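Please read the following report beside the sequence and the model, taking the contact between the chains before the details within each chain.

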Amino acid sequence: MSDTTPESTELPAELVAVDTNAATVTLAVDATIYPLQALYGASYIFIDRCFVFIDRPEEGRFRVVLSPKDAKPEPEALRALVGEFANELLSCAWRHQITQDNRVAIETVTMQAIAGAMGEPSLDDLAAFDFSDEAFDDPLGIAQSWEEKHGKKTPSEPPPADAGDEPRAAAEQPAAEQPAAVSDGAGAAQ
Amino acid sequence: MSASSTEIRFAREVYSGEAVDEAVKTFANFASFELTEDEAAWIVRVTPNSPDVARRLIGEFGNYALGLTIQRGGTTTV
């Protein structure tokens, strides 16, 4: 019978169990907090130092068994090992979360980089481009010109009758009277 | 002298089946393997050729299967 002493660690007893006889430490991992990808990352770091075995005893929970490659490790070494693993697991989970949050930005930048590396399109590519394919929707008509949106006035179209008659008449009045005054002056001189 | 056999259950949600198969092929010179499976796990019964290296052999075998699973991008069941 192995001697399991969960109270020998500072981690919660319901999460960590140290078996000094078998030289193993067992860590229970909540799958809702630590995704499997984070567990993979932390385990991969430790497989050169210890034997790592991951089990799935029930839904929503993983169980990680760590066993140092040294046959008879000290209990302190086991405690340090599970502590380091827990820290690494938390780090991997946080990095996984950051990657998930920035996935759209990363994919956008990558696509732009790949598109830029392809170079500018040739004249043949532009000639063969299918413009019938709608590139985007324009429900607000932002891409339309002013004439397309409001209608272009033809030059032969007469101006509206009630549009600014009085100011134009007032402006033309002195111009119409001025030649007469000149002619009057010329006549007087004669 | 042959060592006693040890049964290892690799959870399907954690370990890739192809990775376990490849690990068995890699370690075939050092132990004999019996492969079975159920709904939740790939079951491998390992019998090391030498009992002196049983602990190390089983541990390295598990590490190898886990490493291959991670390098393959994990499993498709989760």
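Contact here means heavy atoms within 4.5 Å. This is a predicted model, in which local features need pLDDT of at least 70 and side-chain atom pairs count only at pLDDT 80 or more, while totals for chains, interfaces and linings use all residues. Residues are numbered from 1 along each chain as its sequence is written, chains are lettered from A in the order in which they are written, and side-chain values use heavy atoms, with hydrogens and water left out.

On that basis, 21 residues of chain A are in contact with 22 residues of chain B. The area buried between the two chains (accessible area, 1.4 Å probe, lost on being put together and summed over both) is about 1,600 Å², with carbon and sulfur atoms giving 58%. On the chain A side, Y40(A), Y44(A) and F51(A) lose the most area to chain B, together 39% of what that side buries.

Within chain B, two helices (DSSP runs of H or I, at least four residues) pack with their axes 8 Å apart, at an angle of about 140°.

| Helix | Residues | Contact residues |
|---|---|---|
| α1(B) | 17-26 | A19(B), V20(B), E22(B), A23(B), V24(B), T26(B) |
| α2(B) | 54-71 | F61(B), Y64(B), A65(B), L68(B), T69(B) |

The residues of this contact divide into 8 nonpolar, 2 polar and 1 charged.

In chain A, T24(A) is found in strand β2, residues 24-30, and counts as buried (under 20% relative accessible area, 1.4 Å probe, protein chains only) because its relative accessibility is 16%.

Technical notes
Axes fitted to C-alpha atoms, helices over the stretch in contact; angles between N-to-C directions. Nonpolar A, V, L, I, M, F, W, Y, C, P; charged D, E, K, R; others polar. Buried < 20%, exposed > 50% of the residue type's maximum accessible area, 1.4 Å probe, protein only.
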